[in-house]
Amino acid sequence: MKGRFVKGVITGSIIGATAGMYAASKMTPRQRKRLMKTGKKMLFNMMDNMGWF
(Lines give C-alpha, C1' and ligand atoms only; values in the text may rest on other atoms or scores of the structure.)
Protein backbone atom coordinates (compact mmCIF):
# COMPACT_ATOMS: atom_id res chain seq x y z
CA MET A 1 0.00 0.00 0.00
CA LYS A 2 2.74 2.44 0.98
CA GLY A 3 4.77 1.63 -2.13
CA ARG A 4 1.83 2.42 -4.41
CA PHE A 5 1.30 5.72 -2.63
CA VAL A 6 4.94 6.73 -3.03
CA LYS A 7 4.89 5.78 -6.72
CA GLY A 8 1.74 7.84 -7.20
CA VAL A 9 3.27 10.86 -5.48
CA ILE A 10 6.43 10.64 -7.58
CA THR A 11 4.46 10.19 -10.81
CA GLY A 12 2.19 13.11 -9.94
CA SER A 13 5.18 15.29 -9.14
CA ILE A 14 6.83 14.52 -12.46
CA ILE A 15 3.62 15.20 -14.40
CA GLY A 16 3.07 18.44 -12.47
CA ALA A 17 6.62 19.62 -13.04
CA THR A 18 6.39 18.86 -16.75
CA ALA A 19 3.08 20.71 -17.09
CA GLY A 20 4.48 23.64 -15.11
CA MET A 21 7.56 23.90 -17.30
CA TYR A 22 5.41 23.80 -20.44
CA ALA A 23 3.13 26.53 -19.07
CA ALA A 24 6.13 28.65 -18.02
CA SER A 25 7.63 28.38 -21.49
CA LYS A 26 4.45 29.92 -22.95
CA MET A 27 4.49 32.88 -20.51
CA THR A 28 6.03 36.28 -20.89
CA PRO A 29 9.10 36.97 -18.69
CA ARG A 30 7.01 39.23 -16.45
CA GLN A 31 4.37 36.53 -15.86
CA ARG A 32 7.10 33.95 -15.23
CA LYS A 33 8.73 36.17 -12.59
CA ARG A 34 5.40 36.69 -10.82
CA LEU A 35 4.68 32.94 -10.89
CA MET A 36 8.09 32.13 -9.40
CA LYS A 37 7.57 34.66 -6.62
CA THR A 38 4.13 33.24 -5.78
CA GLY A 39 5.39 29.65 -5.96
CA LYS A 40 8.31 30.38 -3.65
CA LYS A 41 5.98 31.99 -1.12
CA MET A 42 3.62 28.98 -1.22
CA LEU A 43 6.53 26.55 -0.84
CA PHE A 44 7.87 28.34 2.24
CA ASN A 45 4.38 28.50 3.78
CA MET A 46 3.92 24.77 3.20
CA MET A 47 7.32 23.95 4.70
CA ASP A 48 6.58 26.21 7.67
CA ASN A 49 3.26 24.44 8.29
CA MET A 50 4.98 21.05 8.16
CA GLY A 51 7.46 22.25 10.78
CA TRP A 52 10.62 22.18 8.63
CA PHE A 53 11.63 25.71 9.68
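The largest pocket in this predicted model is lined by A24, R32, L35, M36, G39, K40, M42 and L43. A pocket here is an open set of points on a 1 Å grid over the protein atoms alone, where a 1.4 Å probe fits, with protein on both sides within 12 Å along at least five of seven lines; lining residues have an atom within 4 Å of a point. Helix 2 (residues 29–50) supplies the largest share of this lining, 7 residues. The pocket volume is about 270 Å³, taken as the space filled by probe spheres set on the points.

Turning to the overall fold, the protein contains 2 helices and 0 strands (DSSP runs of H or I with at least four residues, and of E with at least two). The radius of gyration is 14 Å, well over the 10 Å that the globule rule gives for 53 residues, so the protein is more spread out than a compact globule (C-alpha atoms; the rule is 2.2 Å times the number of residues to the power 0.38). Along the principal axes, the C-alpha atoms fill a box of roughly 45 × 30 × 10 Å.

Of the 53 residues, 4% are buried. In helix 1 (residues 2–25) sits I10, which counts as partly exposed at 47% relative accessibility (buried is under 20%, exposed over 50%, partly exposed in between; 1.4 Å probe, protein chains only).

Residues are numbered from 1 along each chain as its sequence is written, and side-chain values use heavy atoms, without hydrogens and water. Local features need pLDDT of at least 70 and side-chain atom pairs 80 or more, while totals for chains, interfaces and linings use all residues.
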